[in-house]
Amino acid sequence: MKKVLMMLVAAACTLAVSATQFGGRLKVSVNDESMSQATTITINETEGKYSLELKNFILGNGEDALGVGNIIVGGLDATEEVGYKTIKFSGNITIAEGDDPSISMWMGPFLGEVPIAMTADFNENGACQVSIDIDMMATLEQIIKVQFIGNAGSGIKGDVNGDGNVDVVDVNNVINIILGN
């Protein structure tokens, strides 16, 4: 009996939480100098509240890479319009240490509270667009703008529905997105 009850509780918890990972390109501009990199953003829903996670955020590439850390905002309400959900956050966060073993030091935890403004638009077809503005002018004399455009699914360019193929179904999905269907 106890085992059955635990299984029911576990199933209920599983139903209450959903997470979608969006793979795509992250464009980062620091004081108008831009760089681009592939990354994944995760949007979680738990009991009608949303969170956004950008893990292992890094400025630069290769030997110039500077580990920032994990940007996580949560407890957000979503609005829905024209088939897209939108979540927004404006306030201070503490950037947590990342877990990428190739980065020896994460500077985010040393920055203290960081002011950010974030907006994310996403839909059930797997499209996602995120904008994060980080105003570090007072401490580092930097304005950091982060733009992300991605899709849930296979990560193959053009694979809108995430089935691993680029085909007429993807084209139809794009047309439906444009038409608001």
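Trainee: Why is K55 called partly exposed?

Mentor: This is a predicted model, and in it K55 has a relative accessible area of 39%. Buried requires under 20% and exposed requires over 50%. The value for K55 lies in between, and therefore the residue is called partly exposed.

Trainee: In which strand does K55 lie, and with which residues is K55 in contact, leaving aside its neighbours within four places in sequence?

Mentor: K55 lies in strand β3. Leaving aside those neighbours, K55 is in contact with T39, G69 and N70, where contact requires heavy atoms within 4.5 Å. The C-alpha atoms of K55 and T42 are separated by 8.5 Å, with the two residues 13 apart along the chain.

Trainee: How do you know that β5 and β6 pair?

Mentor: Pairing requires at least two bridges between the strands. Strand β5, residues 78–81, and β6 have four bridges, so they count as paired, in the antiparallel sense. T79 stands opposite T86 in β6. Two residues separate the strands of this hairpin, where V82 takes a positive phi near 50°.

Trainee: What makes up the largest nonpolar core, and which residues have the most contacts inside it?

Mentor: The largest nonpolar core has 33 residues, and those with the most contacts inside it are L52, F57, I116, M118, V130 and I134. Strands that each supply at least two residues of this core include β3 (49–59), β7 (113–122) and β8 (127–136). Beyond its neighbours within four places in sequence, I134 is in contact with several residues, among them F57, I71, I116 and I144.

Technical notes:
Residues numbered from 1 in each chain as written. Predicted model: local features only at pLDDT ≥ 70, side-chain atom pairs only at ≥ 80, totals over all residues. Heavy atoms only, no water. Core = buried A, V, L, I, M, F, W, Y, C linked by side-chain atoms within 4.5 Å. Buried < 20%, exposed > 50% of the residue type's maximum accessible area, 1.4 Å probe, protein only.
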